[in-house]
Each structure stands twice: as C-alpha cells, then as structure tokens.
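Keep the structure open while you read.

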Amino acid sequence: MSITEVFNGACGGFYAFSSLSSSVLNLIANFGTETIKRRFLDKMVKGTFTGTMCLTEPEAGSYLADLTTRARRDGEAFRIKGTKIFIGTGEHDLSENIVHCVLARIEGAPSGYKGISLFIVPKYRVNEDGTPDLLNDVYCSGIESKMGWDGAPTATLHFGDHDECQGWLLGEGRQGLSLMFQMMNEMRLATGAQGVGQAAAAYQIALSFARDRIQGLSYRRQKGDPPVQVPIIDHPDIRRNLLFMKTVVEGCRRLIIQTALYIDLSKAVDDERKREYYQDLVEILTPVCKAYATDMGFRVAETAVQSMGGYGYIKDYHVEQYLRDLKVSCIYEGTSGIQAIDLQRRKLNIKGRANSGL
Ligand SMILES: Cc1cc2nc3c(=O)[nH]c(=O)nc-3n(C[C@H](O)[C@H](O)[C@H](O)COP(=O)(O)OP(=O)(O)OC[C@H]3O[C@@H](n4cnc5c(N)ncnc54)[C@H](O)[C@@H]3O)c2cc1C
C-alpha cells in the first residue's frame, strides 16, 4: 500500500497501467486454467502485456446486475459480444498486447448478479507459447476527454462486432462477481491509498510554497515595529489549512496501513477465530478507507489550491492537477455513496454484527 501511495503521488494516471495489470495478473494466477496461465501469465508478469478491468456498460454502472455483454461457448473458449465504457488503460500502444478482464453473461444464464461470469479477452489472440497473433475483434471507438487522470486513456470498447472475439473463462461459470469480490478489498484499499498519495503530494507542494511565498506583515507586529514581510506560513489561516491537510493525510495513511495489516493477519494467523475476526475488520474498514480517504483527499487537494492563492490555480505548480486527478478515485471502484450503502446494508448487518459490538 505504501508503494501504491508513493507512485500515485508521482503520477496516478500512469500508475494505473501497473495497478490494473496487477489486478488482472492476480485473477489469472488465482483462477486461470493451465491453458490460460501458459498463454498470459509470463508476459503479464514481465509487463509485456498490460491488463484492464471491463465491468461498466452504458446501462450498467453502479448496478452491474444489468450488464448485457454475452458469451457463447465455442470449443474450449467463448465468443464474447458487447460494449464496455470508461475502461481505464483500455487502448494504447505501450504494450505488445492488452488483456481485458471482462464481465459477461453466458447464454442461458439467469439475469441479475448470479448469472455473471468472468473472462480473459485479449486485444490480440495469443498462441499456446504466449506470442500474440491476429486481432481479436476488440475495437476501441473512442477515448474519453476527462477532467483529469489524463495519463490513463479511458476507452469505449466493442467486443465481437464481427462475432470473432475469443474469450477464456476464469473459474467456474456464474462466479464472475464472487471471483471479483475476492480481489475487491485490496483494489478498494489501493484506491484509498491513491487518494492519500495524491493528497500528500498536494500538501507537500502547498507546504513548501507557504515557506517560500513572502506576502503581508506578521500578525505579531507591534505598533512601531518595522514593516517586515513574512512568508505566508506565518499567517494563522494558512497554518490552519496546512494543519488540516497534514492531519487528514497522516490519519488516512494510518487507517489504510492498519487495514492492510489486518488483511495480512487474516491470511497469516493459524487460529481460525482470530482469522475470522481480522476478516470481519477488513470487511468493515475497506469501504471506509475507500470512501473516506478519497473524499477527504479531494478536500485536501482543494485546500492546497486555496492556500496557494492564484499560484495554486495556474498550472505551474501542478497542484491543480492533483485536485482534478483525485476526483475519479471517489467515483470508480464503487462511488463513495455506494461504499456507504455497502457498509451500512451489507457489512454492518452480516452475522448480526450490528448487535455484536465489533
Ligand atoms: C476515469 C474513469 C475511469 C474508469 N475506469 C473504469 C475501469 O477501468 N473499468 C470499469 O469497469 N469501469 C471504470 N469506470 C467506471 C466507474 O466504475 C463508474 O463510473 C462507476 O462505477 C459509477 O457508475 P456510473 O458512472 O454508471 O454512475 P451511476 O451508477 O449511474 O451512478 C450515478 C450516481 O448515482 C449514485 N447511485 C447509483 N446507484 C445508487 C443507489 N442504489 N443508491 C444511491 N445512490 C446511487 C452513484 O453514487 C452516483 O453518484 C471508470 C470511470 C471513470 C470516470
């Protein structure tokens, strides 16, 4: 999580290539058949192939149960047909191939969440030895023009317009969302760390600016003192802003590291009851980390711009970029509102926790 924070502080958009690829890599490593692993794993690990997560559709955003992308069995693979929107790093020429992880419904599967399966769908088909082959009927019809996060191209992708799009099933059919959810806690926590990394970078720029920028006279000046100008960090209102930013950044960082520790403990301890205890903590804290660290991170970036005056608003110091880049982390991986619903309806109520005091 600390590495995620640091890289996002440097450039969140560009880091998306690596973080999305890691998610796809983990899904293949955990749920791929030997055929899938042989074709994709080695190149994903080396970074020769990058990865994307294709969930969202024009009519299915927060409520993925409505997704309409279809899969039809074709020998040991499937034919995929449908449209995905807002796909981060969905089209580019930085890697030899792009491996899409696509949620789709196998023909005959029930509607709703239960009928959804997960597929690996490469941009170029891949031979047994992992070498890329012909195009796989995945077509990008556009790259979004966005408020920020410009380092990560956000694509509209059409799968199977010519019925030639080959996909490989991960895990069992109709398990798509449950496989995704096994990765979801770490992905949501990483999004929280993204918020902290960008907020921390904005705070550091504002702090260093406040030490350098000379403006106005000291509030401590007595009648008759010479009119010596001071750096703006001397002004109480600027100090208040800086302390707000520092408090939020350090508090959210601690919250995320602590939750990451609980994830490790939930896997490492031998005692089953303790393992379950840590798992419960992770379930409850993850939506809090995701929503709170990103919403508050955005406020930190806004405060950084404000505390630098006009210099925060112009592009020279890049602090406005953190404000624009940060907003998306409050939206993807489930909006902050959806995290609140998840916490209140699902996490606090399972196993009668509302009454158990955990
Ligand atoms: C830059 C960018 C990159 C993205 N990258 C990816 C990606 O790589 N892969 C991918 O699959 N998707 C990606 N997304 C899509 C993102 O996950 C969705 O935008 C997000 O899940 C919200 O869906 P939506 O935009 O359809 O909004 P909607 O679901 O239409 O929601 C609109 C508003 O209504 C609220 N709302 C919705 N349902 C409820 C409810 N039941 N109760 C209360 N409030 C509700 C939401 O909180 C939101 O404020 C990306 C989006 C952006 C902007």
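## Starting from a buried threonine

Thr52 counts as buried, because its relative accessibility is 0%. For these labels, buried means under 20% relative accessible area, exposed means over 50%, and partly exposed is in between, using a 1.4 Å probe on protein chains only. Before going further: this is a predicted model, where local features need pLDDT of at least 70, side-chain atom pairs count only at pLDDT 80 or more, and totals for chains, interfaces and linings use all residues. Residues are numbered from 1 along each chain as its sequence is written, and side-chain values use heavy atoms, with hydrogens and water left out.

Thr52 sits in strand S1 (residues 49-54). Helices (H or I, at least four residues) and strands (E, at least two) are DSSP runs, numbered from the N terminus. Not counting residues up to four places away in sequence, Thr52 touches Val24, Ile87, Gly88, Thr89, Gly90, Ile98, Val99, His100 and Cys101. Contact here means heavy atoms within 4.5 Å.

## The chain as a whole

The protein chain has nine helices and twelve strands. Its C-alpha atoms fill a box of roughly 90 × 50 × 35 Å, taken along the principal axes. Of its 358 residues, 49% count as buried. Among contacts with a separation of 6 or more, 69% are between residues 24 or more positions apart.

The domain assignment gives domain 1 (11-173) and domain 2 (179-217 + 225-356); such bounds come from an automatic or database domain assignment. Taken over C-alpha atoms, the two domain centres are separated by 29 Å. Domain 1 puts 17 residues into the contact, and domain 2 puts in 13 residues.

Residues 53-161 are 0% helix and 50% strand, with end C-alpha atoms 20 Å apart. Residues 175-346 come out at 76% helix and 4% strand, and the end C-alpha atoms there lie 19 Å apart.

## Helix H3 and the cores

Helix H3 (residues 176-212) has 37 residues, so at 1.5 Å a residue it should span 54 Å; the end C-alpha atoms are 53 Å apart, which agrees. The expected span is 1.5 Å times one less than the number of residues. H3 has a kink of about 45°, centred on Met183. That bend is the angle between axes fitted to the seven residues ending at a residue and the seven starting there. H3 is mostly covered, with 28 of its 37 residues buried.

The largest nonpolar core has 41 residues, and the members touching the most others are Leu242, Met245, Ile256, Val300 and Val319. H3, helix H4 (236-268), helix H5 (272-307) and helix H7 (319-327) each give two or more residues to this core. The largest share, 13 residues, comes from H3. A nonpolar core is a set of buried Ala, Val, Leu, Ile, Met, Phe, Trp, Tyr and Cys residues joined through side-chain atoms within 4.5 Å.

Leaving aside neighbours within four places in sequence, Leu242 is in contact with Tyr203, Ala206, Leu207, Ala210 and Ile233. A second, separate core of 34 residues includes Leu20, Leu55, Leu103 and Trp168.

| Residue | Relative accessibility | Class |
|---|---|---|
| Asp163 | 33% | partly exposed |
| Arg174 | 48% | partly exposed |
| Gly112 | 22% | partly exposed |

Most residues other than glycine have a negative phi. Asp163 isn't a glycine, yet its phi is positive, about 55°; Asp163 is in the loop between strand S9 (154-159) and strand S10 (166-170). Arg174 isn't a glycine either, and it has a positive phi of about 65°. Look for Arg174 in the loop between S10 and H3.

Gly112 is in the loop between strand S4 (97-106) and strand S5 (116-122). Gly112 and Leu67 are 45 residues apart along the chain, and their C-alpha atoms are separated by 8.3 Å. Leaving aside neighbours within four places in sequence, Gly112 is in contact with Ala65 and Arg105.
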